[in-house]
Amino acid sequence: MSAAPLRVVVAKPGLDGHDRGAKVVARALRDAGMEVIYTGLHQTPEQIVEAAIQEDADAVGLSVLSGAHMTQFARVTELLRERDAADIVVFGGGIIPDEDVPELARMGVQKVFTPGATTGEIVGWVREHVGASAQA
C-alpha cells in the first residue's frame, strides 16, 4: 500500500501581483506527484491558513516578491500556531535578503528559496522534509 501524496498549498500573500514563480513551483510539485492547491494572488494570511486547514495540507509554500515577507510569513506561522496547525510545514521563496532568513527560521519558516533555486531543489527538499513530518 502506497502512502497518500503530499498535499501542498502554494500561496501569494499580500499585494504582490507577480505569480509566475509560484505557478512554476506549483507545477513542479504537481509533476512530482504531489497534490497542489494554488490559492491565487492577493491572499490574506487568514485565507491561506484556512485553505491549508481545510485542504488538510502537509505544507504551505509562500511566495513573496514585494518585500513584505517578514510580516506576511510571520502572520501565517502565527495563525497556524493559533489554529493548532503548527505541524503544517511552512516554506517560502522570493526576493528575500539573506539577513532575513535566520529571523524567518525563528518564526517557523523551515526553508527559504531565493532566486536561482531550481525546481529540482525545491521538490527534493519538500520530499525530504515534508515527507518525513507527514509520515511521522
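Biologist: Taking helices (H or I, at least four residues) and strands (E, at least two) as DSSP runs numbered from the N terminus, where is Asp-84 found?
Modeller: Asp-84 is in the loop between α3 and β4. Keep in mind that this is a predicted model.

Biologist: Thanks! Is Asp-84 buried or exposed?
Modeller: Asp-84 counts as exposed, because its relative accessibility is 74% and the cut-off for exposed is over 50%.

Biologist: And what is the phi of Asp-84?
Modeller: It is near 60°, a positive value in a residue that is not glycine. His-42 also has a positive phi, of about 60°, and is not a glycine either.

Biologist: Where does His-42 sit, and how accessible is it?
Modeller: You'll find His-42 in the loop between β2 (35–38) and α2. At 43% relative accessibility, His-42 counts as partly exposed.

Biologist: Switching to pockets, what volume does the largest pocket have?
Modeller: About 360 Å³. There are 22 residues lining this pocket, and the closest to its centre are Gly-21, Val-25, Gly-93, Gly-94 and Ile-122.

Biologist: Which elements supply at least two residues of that lining?
Modeller: Those are α1 (20–31), β3 (59–64), β4 (89–94) and α5 (119–135).

Biologist: How does the lining divide into nonpolar, polar and charged?
Modeller: The lining has 12 nonpolar residues, 10 polar ones and no charged ones.

Biologist: Okay, on to the inside. Which residues touch the most other members of the largest nonpolar core?
Modeller: Val-60, Leu-62, Phe-73, Leu-80 and Leu-104, out of 22 residues in that core. Two or more residues each come from β1 (7–11), α2 (45–54), β3, α3 (69–82), α4 (101–107) and β5 (109–113). The most come from α3, which gives four.

Biologist: What does Phe-73 contact, beyond its neighbours within four places in sequence?
Modeller: The contacts of Phe-73 are Leu-62, Val-64, Gly-92, Gly-93, Ile-96, Leu-104, Met-107 and Val-109. Apart from this core there is another one of 19 residues, including Leu-6, Val-8, Trp-125 and Val-130.

Biologist: Last one, Ser-63. Is it buried or exposed?
Modeller: Ser-63 is in strand β3. With 13% relative accessibility, Ser-63 counts as buried, since the cut-off for buried is under 20%.

Biologist: Which side chain does the Ser-63 side chain make a polar contact with?
Modeller: The partner is the side chain of Lys-12, at 3.2 Å. Leaving aside neighbours within four places in sequence, Ser-63 also has Ala-11, Pro-13, Asp-16, Ala-22 and Gly-93 among its contacts.

Methods: Residues numbered from 1 in each chain as written. Predicted model: local features only at pLDDT ≥ 70, side-chain atom pairs only at ≥ 80, totals over all residues. Heavy atoms only, no water. 1 Å grid on protein atoms, 1.4 Å probe; cavity = no way out; pocket = protein on both sides within 12 Å on 5 of 7 lines; lining within 4 Å. Points joined across faces, edges and corners; volume = space filled by probe spheres on them. Nonpolar A, V, L, I, M, F, W, Y, C, P; charged D, E, K, R; others polar. Core = buried A, V, L, I, M, F, W, Y, C linked by side-chain atoms within 4.5 Å. Buried < 20%, exposed > 50% of the residue type's maximum accessible area, 1.4 Å probe, protein only. Contact = heavy atoms within 4.5 Å. Polar contact = N/O pair within 3.5 Å; in protein donor to acceptor, adjacent residues only side chain to side chain.
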